[in-house]
Every structure is written in C-alpha cells, then in structure tokens.
Amino acid sequence: MKYGSTKEFIYEELLSRVEKPGRYIGTEWNSIHKDPESAGIRFAFCFPDVYEVGMSHLGMKILYHLLNDQEDIFCERIFAPWPDMEEEMRKNGIRLFGLESRDYIDKFDFVGFTLQYEMSYTNIVNMLDLAGIPIRSSERNDGHPFVVAGGPCAYNPEPLHGIVDFFMLGEGEELLPEVMEQYRKWKKAKGSREEFLEAVSGIRGVYVPSFYDVEYNEDNTLKSFKPNRDGIPQKVRKRVIKNLKNAYFPDKIIVPFIDIVHDRIMLEIFRGCTRGCRFCQAGMIYRPVREREVDELIEIATRLIESSGYEEISLSSLSTSDFSKLNELVEKLVSKYESKKIGLSFPSLRIDSFSLKMIQEVQKIRKSGLTFAPEAGTQRLRDVINKGVDEQDLMNSVGAAFETGYSNLKLYFMIGLPTETMEDIQGIADLTFKVVNRYFEVPKEKRGKGLNVTASASSFVPKPFTPFQWEPQDNIETLIEKQRYLQKAIKKKQITFNWHEPYISFMEAVFARGDRRSCDVLIKAWELGCKFDGWDQYFKFDTWMKAFAETGIDPEFYALRRRELDELLPWDHIDVGVTKKYLRSEYKKAQKGELTRDCRVACTGCGINLLEEGGVCK
Amino acid sequence: MMNVRLKFTKGNEVKYISHLDLMRTFQRAIRRTDIPVAYSAGFNPHQEISFGAPLSLGVVSNAEYIDIKLAEDMDIKELQRRLNGSMPAGISITGGAVLPEHAKSAMAIVTHARYNIRLIVEGIDKQRLDKAIEDFLKQEQINVMKEQPKKEFKLKEIDIKPMIITMDNIDSKGDEYFLECLLQSGSKANLKPELLVVAFKDYTGYNIKGVRIVREELYAEKDGKLLDLLEYEKR
C-alpha cells in the first residue's frame, strides 16, 4: 500500500496496528494547530512517559498554552510512545514526531523535557534516539535542536548533565518566555550554539551544565564544583512567580479523547506548602506559599468549564485543606455548579483539618473516595518526620467520614523512614485496625455498606533539598522484610494492603541523589534495553545492575550511604531558597523527634523569604 | 422534557477513538454548549444519552445515532448548530428528529447496517472478484472463528451466512475494490464487517491489504421495510 506522505502512513498504517491509537491522534479538543511554515520557533514539549500520565500533568497544560499564545511559537506535545508503537516506528523507519503536526522533531528549535520522576530518565534517552537527535549534548551541532529540561527533578540536574543542553529551574511562566526572547535575538544574529548557551546562562534560573567542572575526592565524594568560564553564576537560583494574582493561567485546556489518569479540570489554588514534613521534597522546593484569590479562581474555573466541558474540578495544591479561604471557595463553586452537576474533588486532605461540613457540601453532587496520609504508624515516628498530626486527629476524621456514609478509605504510609524500628511497622498495622474498628462503632443504619480500607506502604526515598537528604535508604532486603511483616500483620478481610516495588525505590534513590557519573550508567542501561522503568512490567533490575557493573559505579554509594553534614552535595550549586543551614537544623531536630511548627503561624527561618527582593512570604 | 435523535458522522479523524471515548466526547460537547440535557438521579448523576450501535476501532461512519433526553424543550436545528460548533474534527451532526414520547432507543431498534468496504487485492480483476463473491455466498454455511469478549475472548465457530443480506462489488480503481454489504446488526444478530472480511479472505486465499470500512447507514426493520433510524420515527 502506497501512501501520499509519511504522515498519512503513520496515521493509516501505524495507528491501525497499535494498542490505544487514541494516544497518537493529536487533534483533541483545544489542541493547537498552527502553520508549521510560518512558525518562527518550533517547540517539542516532551513528557517522558505514556500519554495518559503526561496528559494528566498540570504544568504541561499551562506551558503548552503559554508558549502557543505567542504567535511565532508552535509548541507541540510528544509523549513516550508505548513499546508497541515504538517497535512499529523503528521497524518502519519512523522517527519521533510532534502529535499536532506529525512532523519529525529533530528539526525543531527546542526539545524540552519535563522531569517529574527519576524513573523516566531512560525514556528521555530513548525518545532522543527515536527522534534521531544525538543523546549527548557534546555530540549535537548547529543543525540540532536545543535539548532543555525543567520540573521538580531538575533541582538535581546532574544525572542528566551530559544529555540536556540547559536546565530551567523553578516556575516557568516567566522564565520560558525570557529564554524564547533570547532565542529570537540569537537567531537573528545568527550566533553559534555556544553563544546561545552563554546568553541564556545569564538568565536567572538557567543552568548550563557544560559551563561547570567537577572534581572528586578519592572516596568518590565531590571535591569541587566550579564554573569553567567567566560571567557564569556560582549558584543558580530557582525562579518563582512572586504573586499568583493575575499570573498566567490558560483559558482552555486540551480535552483528551481517551481516558487519562487525572481526567478533570485541575484548579491550582495555591503553590507551596508550609507544613514542613521532613521527607517531602515538594514541601521544600515549591516554597513560598502563594494563594490565588477566590474571585480569580472562580473566574478561571468558569472559563475552563465553558471551554472544556469537564464534569469535575479538582482543587489542586500540595495540601488543599490548608487553603485559607477553602470554605468560601467550595461554597461558591458548589452554588454555581450544583445545577450543572459539576463535581469537586480534593487530591490532598490533611487528617487534622478535614472538614466534615465541607465534604457533605461537595457530596451533594458527586461522591468520591477519601484518602488520608498518616505516613507513619507511631507518634514517635510521625514526630521525627514532622507530620504534625496525632492518632486522635485520624480517628476524628475517619469517624466523621464513616458517619457520613463513607465505607471506602485509603491510608498512605511510608516504610523505611529514618529511625524506624519494627515497632513502627507494627504501628501501621495497629493504626489500620483502629480505623477498621472505628467503622464498626458507627451504628449499622448510619454507616455505609461494605467497608474497604486500603493501606498503601511506599518505600521512603531520601530526596535532595529535604532535611533527610543526608540519610541512607533502607537496603532492599530490609524493605522486603518490613513489607512481609506488614503483609502478615495486616491480614484482614476488610483491608487491602498495597506496597511499592522495593527494587524500583532503590533505583529512585540512586538517581534522586545521583551525581554526574550516574549519567553514564543511565545511558548504558538504556543501551542494554532499559526503558519505562517506572512500570513494573518493563523494569529490569538485573539489567540495571549490569549497567552499574559495566560503568564501574556503585549504586549503594548513592542510595545507602549516610552523608556527612559538611559534605559537598551534587546539587549544592542550585539555590532553591530554602537554605542548607535550615535543612541541617531540621535534620538535627528530626533525630531528637522535635517538631517544627507550621510556618503560617510564625516564620521558621527556612530562608525562602530572602529569595526575592522584598520577600515572598506574607 | 423532550427526546431527540441526532444523526452524525464519525470521520477519519476520530476513527481511532472507542465507543466509550465517543460517549465522553459527546458528554463534554453537550456541557460546553450548555444544552439542557437531563441527568439521572443518584450519587453519580450522568447525562441521559445513548448511542445506536457501537463501531469498531478504525471504522469510519456516515450514519451514527445518538438519543438525547432534554430537560427543557429546544429547537432541534439550534441543538444541531450548537453541537456542530463544539465538536472535534471528524464529528458532524447531519440530521435530527424529535422522538415521540415512548419511542424505543436507537440501540433497541437497529436490525441492519450497510457498509462500504475497500479492499486492495493484487493480481485479480473485477470479474474474478465477482465470481469469488458469488461462490462465497453460495456456500451452505460460512463458518468463521469469533472471539467472545464476555468469555475471556475464547474463540467460537459461528455460521455468519444468515447474517449476510447482500454483498456486492460496486466499484474498483486499480487494485482497489469497493464492496457494499448489508449485514444484520443489533441485539438479535450482529455481524461485524471485519469478521466478514476475515471469512472472505480465508475462503478466497486472497492477500487482502488496505481494508478500510465505512458504515454507510443503520436501519431498523418496520413492516418488512428497512428504514434509517430517523425515518423510523417519522409518522
């Protein structure tokens, strides 16, 4: 069969052969289609995971429209093709293409990756290869796009230092347009690749890894990390939008045809978190807290509902019940949209501030599940991680939920937290049983039928820019032992127990705190066939171990080693606002089980207020 | 309260979206256009809409039907106009009718479907194909293995001959041949055109490539006559 063009071949032949072809159509409602010929800048916005995951990501939705709102920029979406599609592409000599135009991306101006998860790194390598773009920055030349990256994992950019030309740290709404403006100037002046990198390195938030040199000590720790030319900042400071009032938010969002993970409007009500849980990277790197105003949120919601037709709004943030005007917002949204049957959901509710009244309000429209995150099984350990809730908080909340008719609850826990003993593990089982018992205390006629409590235990992964960044992870054997213990201890008809694959958690720990040398392992692992590592069915631990052996790198050095407090860390040249001094003091308090209060009450001196002139916290 | 039936196309641009995806696409288009659709009662209210016969992934259609229950009366031309302004490329409302009060759903009345099937076969000609079709249909039984989705996709042999009403080669262009087939479709007996192609391929041994199927019309039988689903409700 002959086709008029490669694009037609992709659509008619390839898509007819693969699973879920809806992933690759590109004509979803509100997708942007421009004339490629007249676009001055072509931007390939790449999400290194499958469509359903990538399309659920709020940041991509915002930046896609932000870029396309500029007339001369044509930004398209690219997701990691599922292995069946990749096989068809490689077999037929088809390279990675933008979903909107179906043009190959190797001639685009930018190929940008959003880094949400360490285990998607091999997909980045694979996507570059599939695009026909050299994997290493050093092998790219004038005809190639600039490969850029941002997102939370970019705060430790080192494992990707040899692949990404430059990183953009922090919030992109202002930074990305500044980079684009610099690009226009550079293109006009017909400069060299190096000249562009030099120009953007002057923009705050941009990190060009090739402009820095690293030296190591004999024990493999870092000796020095220095700029290798003049005019390059010693430390790269992250970008934040000082005030969310009138900060960019698109009027429309793409409405996928196929079912995705989070298929609803995500209304971002605030950024940052003041709680200061010591294991939580998001709680540190997204500081400061900035709320949107209720009236503006209602306006945004109205525009998005009208333009998307979605039936559900999720009030998203790191800790939704901490929003200072949550009741007002919920009441207004419910009264406005009740008749239109538009439901509200809350992705993150805290145990202590759970409001029964509010849940009842929301339930009038649609009933959704409830999730609570005690994180640890004993009060001692909850104090170590500064969770700031106690058992009574949890019992009050689940009691209220059961009395309203809920019979389906999820509880999130972590295993392998610093200082954890088997007593704490037993505590997880005990607490889950107490929740089950609380259900039976509710009179039969009042409670919902068919109790199901899901207890999930993920394995703790120490992350950069948290008070636990110096801590070792539990080794795999210990994690498995703890999981087995829990599995036995928690056996009960009404309880479903879930856990995470400990081998994947180990790999996460390696790359979360990896240095430049881990980049070679990454490329080697991909060469040996690793990709989609976050997916159990594709994760190949043995292959990874082979990659470590062949590159002579010890994974345990990264995952299982306790760092000295004065050690130079691979991410110390990045300034997220929260100071190392603060993290150290929090680490010491954790070891003593001392709590740090919520900084909405009074400043705890994390340093973020000094990030911008004039301060950023209220 | 008012019940309407709309006829629409599912074009090449949306042929890869499933029946469930199509349903969501309509639900969201209805919300975008603020059409006064009726909602079911209960904890998870849903729009009172239903579709004619599901279409396989990859099949294009010129005649899909959706029944919508409206909470308030509305001009049907206006309804069409609004929906057409809010549909992704490939979906276009081409007609509509207000249904009588106790009309049966589109899904319940469908009995037949007419398809246009394009095949690419090298090394034959029109005459040979006509003869092959004739011989194919002359068989006493046309047995083919069918997947049973409700039984873990176990294969079962079925005789599809009674479900083929007509099958004709109506046009050709080089190696491309266009068949028009009227098949039973609906809850009583249902023959998917893809299965017919498999049976025909097995019988002839042709190396059939480039199969492209278009559903041309859905019918409901009334007094021995086949009427399309809008005509069916006309008095």
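**Exercise 1.** Which residues touch the most other members of the largest nonpolar core?

*Solution.* The model is predicted, and local features need pLDDT of at least 70, side-chain atom pairs count only at pLDDT 80 or more, while totals for chains, interfaces and linings use all residues. Residues are numbered from 1 along each chain as its sequence is written, chains are lettered from A and ligands numbered from 1 in the order in which they are written, and side-chain values use heavy atoms, with hydrogens and water left out.

Step 1. A nonpolar core is a set of buried Ala, Val, Leu, Ile, Met, Phe, Trp, Tyr and Cys residues joined through side-chain atoms within 4.5 Å. Buried means under 20% relative accessible area, exposed over 50%, and partly exposed in between (1.4 Å probe, protein chains only).

Step 2. The largest core has 170 residues, and A:Ile163 and A:Phe166 touch the most other members.

Step 3. Another core, of 64 residues, lies apart from it; its members include A:Ile269 and A:Phe497.

**Exercise 2.** Determine whether A:Glu420 and B:Lys154 are buried or exposed.

*Solution.* Step 1. A:Glu420 has a relative accessible area of 12%, and is therefore buried. Its place is in the loop between β16 (408-415) and α14 (422-441) of chain A, where helices (H or I, at least four residues) and strands (E, at least two) are DSSP runs numbered from the N terminus.

Step 1. A polar atom of the A:Glu420 side chain lies 2.6 Å from the backbone nitrogen of A:Gly416. Not counting residues up to four places away in sequence, A:Glu420 also touches several residues, among them A:Arg380, A:Asp474 and A:Lys482; contact means heavy atoms within 4.5 Å.

Step 2. B:Lys154, in strand β7 (residues 154-159) of chain B, has a relative accessible area of 53% and is therefore exposed. Leaving aside neighbours within four places in sequence, B:Lys154 is in contact with B:Lys146, B:Glu147 and B:Gln148.

**Exercise 3.** Describe how α15(A) and α16(A) pack.

*Solution.* Step 1. Helix α15 (residues 476-489) and helix α16 (residues 502-512) of chain A pack at an angle of about 140°, with axes 9 Å apart. Axes are lines fitted to C-alpha atoms, for helices over the stretch in contact, and angles run from 0 to 180 degrees between N-to-C directions.

Step 1. The two helices are therefore oblique to each other: angles under 35 degrees count as roughly parallel, over 145 as roughly antiparallel, 65 to 115 as roughly perpendicular and the rest as oblique.

Step 2. The contact is made by A:Ile476, A:Leu479, A:Ile480 and A:Gln483 of α15(A) and by A:Pro502, A:Tyr503 and A:Phe506 of α16(A).

Notes:
Polar contact = N/O pair within 3.5 Å; in protein donor to acceptor, adjacent residues only side chain to side chain.
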